[in-house]
Amino acid sequence: MMAADLVVVGRIATLAGDGGLGFVEALAIGGGRVLAAGHLAEIDSLSGASTRRVDLAPDEVAVPGLTDSHLHLAEASLDDDKVDLTAAATLGDALDRIALVHASLAPGAWLEGHGWESDRWGGWPTAADLARVAPGRPAAIWAHDHHSLWTSETGLEAARIDSATPDPPGGVIRRDDAGRPTGVLHETAARLVTGRVPPITADELERSIPRLAGRLLALGVVAAHDPGQLSLQDGLGPAYEAYRRLANAGRLAIRVHAAIRPEQLDAAIGAGIRSGDPLGDPEGRARVGWLKLFADGTLGSRTAALLEPIVPEPGRPLPTGTERGVYMTEPAALAAFAERA
């Protein structure tokens with residue numbers, strides 16, 4: 001067996017235990033792979049003159065690399081340039097953050113972001129809210145679960161959404177009591193607006209993905225399953241091309257298993273791509289991994305089909321009026337709920 005490049009000694013967790021984790025005294029690594037894990041005497045025999053040794057402190061533990069099973073890696077890599085509302089405790093806090101970003105953008109540029117949550121704010125944001133702090137600004141801001149989009153009056157106008165616009169298949173346009181769009185779009189309805197946002201390019205992603213991948217690697221995340229872009233794209237989309245370029249250039253720090261969305265199937269079949277095929281380098285740092293399909297929505301965005309109504313937070317009433325259609329989307333469930341209400 002080849003001499004180890006690195007030997008790690010201390011409390012090392014493996015997945016070899018009968019009940020999950022198992023622990024060994026030492027680990028030998030060579031050529032980018034684990035050569036052996038076990039007792040220190042066994043591992044020491046693999047050391048050579050150039051072997052580097054790391055002794056863990058008593059309060060440290062080494063764990064196997066983590067794979068994130070649902071990470072929109074390509075799109076998340078661009079989040080540094082967007083407004084982040086994850087820590088915005090109230091709508092007012094969010095609007096203050098949005099106002100700062102609005103002031104920094106060129107006229108006509110889209111204000112993009114993510115991270116808001118209606119439960120956290122005690123209600124749904126509206127286009128009118130955005131008009132107060134970012135007048136005339138087209139906006140597309142994803143909810144924390146990326147199943148709802150908050151847009152502005154200018155965004156609604158760009159997408160030609162008004163009271164007469166029907167809900168698209170698989171989507172809901174949130175409306176007020178008079179039937180006017182309020183500025184929140186659920187599920188596929190979000191695409192009416194995101195289709196108007198300037199598309200991401202492979203060049204942008206090629207620059208941004210390595211930055212995020214490096215940060216993930218520092219946290220112990222060595223691979224990710226990317227469910228794909230949140231909006232429609234032509235062909236396979238720019239993320240596939242970016243992953244291919246980075247893998248070929250040896251610049252993809254973590255392994256990526258990229259999903260195929262239903263709208264990409266024809267392009268994938270036309271390109272002769274099969275599940276598991278490498279994207280770029282034959283080592284397979286990036287691969288076509290799986291097909292993502294939607295069978296239902298989410299509780300957070302009130303798009304899940306439920307047999308019984310839910311109260312999202314103690315003290316908040318059951319939904320009434322126009323909210324019924326997005327709490328429970330199955331017609332039979334809606335009818336049953338209407339009878340109770």
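1. Setting aside neighbours within four places in sequence, I209 is in contact with L73, A74, S77, A242, Y243, L246 and L252.

2. A word on confidence. The protein has a mean pLDDT of 86, with 89% of its residues at 70 or more. The stretch to treat with care is residues 312-341, where the pLDDT is below 50, although in the model this stretch has 58 contacts beyond near neighbours in sequence. Where pLDDT is low, the predicted coordinates should not be read in detail.

3. Four strands make an open sheet in the order 5-12-13-14, and their pairing is parallel. Strand 5 (66-68) and strand 14 (286-291) are the edge strands, each pairing on one side only. From one strand to the next, the twist averages 20°. Strand 5 and strand 12 (residues 221-226) run parallel and are joined by three bridges; T67 has A223 in strand 12 as its bridge partner. Helix 9 (residues 238-248) packs on this sheet and touches strand 12, strand 13 (255-260) and strand 14, with its direction at about 155° to that of strand 13.

4. Which of its residues are buried? They are P238, A239, Y240, A242, Y243, L246 and A247. Their cover includes helix 2, helix 8, strand 12, strand 13 and strand 14. Just after the helix, G250 takes a positive phi of about 70°.

5. Helix 9 also carries charged residues. The side chains of E241 and R244 meet in a salt bridge at 3.8 Å, N to O. The two are three residues apart in helix 9, so about one helical turn separates them. Both are partly exposed: E241 has 33% relative accessibility, and R244 has a relative accessible area of 29%. The pair belongs to a network of salt bridges linking D203, E206, E241, R244, R245 and R251.

6. D80 and R215 meet through their side chains at 3.5 Å, N to O. This pair links distant parts of the chain, 135 residues apart: D80 sits in the loop between helix 2 (73-76) and strand 6 (83-84), and R215 sits in helix 8 (residues 202-218). D80 counts as partly exposed at 49% relative accessibility, as does R215 at 42%. The side chains of D93 and R97, in turn, form a salt bridge at 3.1 Å, N to O. These two residues both lie in helix 3 (residues 91-104), four residues apart, about one turn of the helix. D93 is partly exposed at 24% relative accessibility, and R97 is partly exposed at 28%.

7. Finally, the antiparallel strands. Strand 8 (residues 139-143) and strand 9 run antiparallel, joined by three bridges, with I141 opposite W150 in strand 9. They form a hairpin with four residues between the strands, and H146 in the turn has a positive phi of about 60°. Strand 9 also pairs with strand 11 (residues 181-187), antiparallel over three bridges; here S148 stands opposite H186.

8. Are the two faces of strand 9 buried or exposed? In a regular strand the side chains alternate between the two faces of the sheet. In strand 9 (residues 148-151), S148 and W150 lie on one side and L149 and T151 on the other, and all of them are buried. Both faces of this strand are therefore covered, given that buried means under 20% relative accessible area.

Conventions:
Residues are numbered from 1 along each chain as its sequence is written. This is a predicted model: local features need pLDDT of at least 70, side-chain atom pairs count only at pLDDT 80 or more; totals for chains, interfaces and linings use all residues. Side-chain values use heavy atoms; hydrogens and water are left out. pLDDT is the predictor's confidence in each residue, from 0 to 100. Contact means heavy atoms within 4.5 Å. Buried means under 20% relative accessible area, exposed over 50%, partly exposed in between (1.4 Å probe, protein chains only). Two strands pair if DSSP finds at least two bridges between them. Axes are lines fitted to C-alpha atoms, for helices over the stretch in contact, and angles run from 0 to 180 degrees between N-to-C directions. A salt bridge is a side-chain nitrogen of Lys or Arg within 4 Å of a carboxyl oxygen of Asp or Glu.
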